[in-house]
Amino acid sequence: MEYKLIGISCLILIILGLTWLKDGEQMNPPLKKRVVIDSVTIGIFWAVFEFLDKSGSTTYKNEIVFVINASLFFFFARMIQLICQVNPMIQELVQYLKSKGVDMEDKEK
């Protein structure tokens with residue numbers, strides 16, 4: 001599980017970097033605040049893990065594993081989304097598809 005937490009920590013930092021690359025000074029929240037938020041998020045993941053690891057309790061092990069796996073999936077999906085927004089090749093593909101009449105918006109409303 002430590003490797004998954006390392007992966008989550010790296011993904012959060014990659015997302016921070018990609019968001020800064022995408023938005024620059026217009027980041028919302030601003031970069032300094034975002035660094036604090038992301039650091040606290042990483043710290044919370046590690047604190048919960050260390051607490052459960054040192055306590056030896058297996059009462060909530062399945063729930064913690066689910067949260068870790070879901071977080072890993074969420075942060076990976078967010079990273080892919082940001083890469084698609086930053087990558088000019090994908091932006092050009094979206095523009096091309098829109099010019100050909102492909103509707104890429106959700107119709108659930």
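1. A surface patch, as the word is used here, is made of residues that have over 30% relative accessible area and no salt bridge, with nonpolar side chains joined within 5 Å. Please keep in mind as you read that this is a predicted model.

2. With that in hand, have a look at Trp20, Leu21, Leu31 and Val35, which make a nonpolar surface patch of about 360 Å².

3. Let's pick out one member of the patch. Leu31 is found in helix α2. Is Leu31 buried, exposed or partly exposed? Its relative accessibility is 36%, so Leu31 counts as partly exposed.

4. Now compare that with Arg34, which is also a residue of helix α2. Arg34 counts as buried because its relative accessibility is 15%, and the cut-off for buried is under 20%. Which residues is Arg34 in contact with, leaving aside its neighbours within four places in sequence? They are Ile15, Leu16, Thr19, Met27 and Pro29.

5. Next, the empty space. Rolling a probe the size of a water molecule over the atoms shows where such space is left. In this model the largest pocket holds about 190 Å³ of space. The elements giving two or more residues to the lining of that pocket are α2 and α3 (61–86).

6. You can trace the pocket yourself in the structure. Among the residues that line the largest pocket are Met1, Val48, Phe49, Tyr60 and Ile64. Helix α2 provides the largest share of this lining, with 4 residues.

Key
Residues numbered from 1 in each chain as written. Predicted model: local features only at pLDDT ≥ 70, side-chain atom pairs only at ≥ 80, totals over all residues. Heavy atoms only, no water. Patch = residues over 30% accessible without salt bridge, like charges linked within 9 Å, V, L, I, M, F, W, Y side chains within 5 Å. Areas by Shrake-Rupley, 256 points an atom, 1.4 Å probe, with all protein chains shown as cover. Salt bridge = Lys/Arg side-chain N within 4 Å of Asp/Glu carboxyl O. Buried < 20%, exposed > 50% of the residue type's maximum accessible area, 1.4 Å probe, protein only. Contact = heavy atoms within 4.5 Å. 1 Å grid on protein atoms, 1.4 Å probe; cavity = no way out; pocket = protein on both sides within 12 Å on 5 of 7 lines; lining within 4 Å. Points joined across faces, edges and corners; volume = space filled by probe spheres on them.
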